[in-house]
Amino acid sequence: FKNSLNLIKDMVKYCYKGKQMKKQLNLVKATQANTTKSTLKTISKWMYNWWGIRHNYTLEEMQQYMLHCLNESKLPQTYILYSGKTPIGLYQFLHTDLRNRPDIYPWLGRVYVTEKQRGKGYCRFMLETVKQTAKELGVDEIYLYTQYVVLYEKFGWKFEGLIDTYKPSNRMHRFYTLNLKD
């Protein structure tokens, strides 16, 4: 993991020339030991508002869920993107993200950037780190499903076809794999 973290640290300086500003970005593997209560509350609110309400979670349940996603060496794992000391996004590696496919794992899920920070290249920055951080899981490939067209192909993901999620709204999603052997 330390080699991956050093590689990511080498990538953290990012310049947005169009805005004439520099931001220091830090992608951190979040653990219970290195995540403050304030950051846990922040990321829990993001997930609660994004999908927790829809799935009938309480905010307290979401905080417990997120707390147990802060693992050093086992799944689930959470990576938080900071701009300076402010969390602005995250992604997770999960045992399952699609309940009707428990046979395949791990999944990349919960790729999230705060609304105020969207369109500034932060999602791109995070997605550029996924392959390297995922290699630490010791697996040959990871999976993802999404409604986004073309976004993930830019980062080496292979579109495998449509997959039925059995969700009440918009059942069919795009299914991707990312080969980690390269």
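Predicted model: local features only at pLDDT ≥ 70, side-chain atom pairs only at ≥ 80, totals over all residues.
The chain contains four helices and eight strands, arranged along the sequence in the pattern α-β-β-α-α-β-β-β-α-β-β-β. Of its 182 residues, 44% are buried. Among contacts between residues at least 6 apart in sequence, 56% join residues at least 24 apart.

Helix H2 spans residues 37-52 and has 16 residues. Its end C-alpha atoms lie only 19 Å apart, short of the 22 Å that a straight helix would reach at 1.5 Å a residue. The buried residues of H2 are Thr-39, Leu-40, Ile-43, Ser-44, Trp-46, Met-47, Trp-51 and Gly-52. Viewed down the axis of H2, these buried residues fall within an arc of 160°, so they line one face of the helix. The face turned away from this buried side carries the exposed residues Lys-37, Ser-38 and Asn-49.

The buried residues of H2 pack against helix H3 (59-67) and against three strands, S3 (77-83), S4 (86-94) and S5 (107-113). The angle between H2 and H3 is about 115°, and their axes are 9 Å apart. The crossing of the two helices is right-handed. On the H2 side, the contact is made by Leu-40, Lys-41, Ile-43, Ser-44, Lys-45, Met-47, Tyr-48, Trp-51 and Gly-52. H3 contributes Leu-59, Met-62, Gln-63, Tyr-65, Met-66 and Leu-67. The residues of this contact comprise 10 nonpolar, three polar and two charged. Leu-40, Ile-43, Ser-44, Met-47, Trp-51 and Gly-52 of H2 are among the residues that are both buried and part of the contact with H3.

Key
Residues numbered from 1 in each chain as written. Heavy atoms only, no water. Expected span 1.5 Å × (residues − 1). Buried < 20%, exposed > 50% of the residue type's maximum accessible area, 1.4 Å probe, protein only. Arc of directions from axis to C-beta. Contact = heavy atoms within 4.5 Å. Axes fitted to C-alpha atoms, helices over the stretch in contact; angles between N-to-C directions. Left-handed = near helix turned anticlockwise from the far one by under 90°. Nonpolar A, V, L, I, M, F, W, Y, C, P; charged D, E, K, R; others polar.
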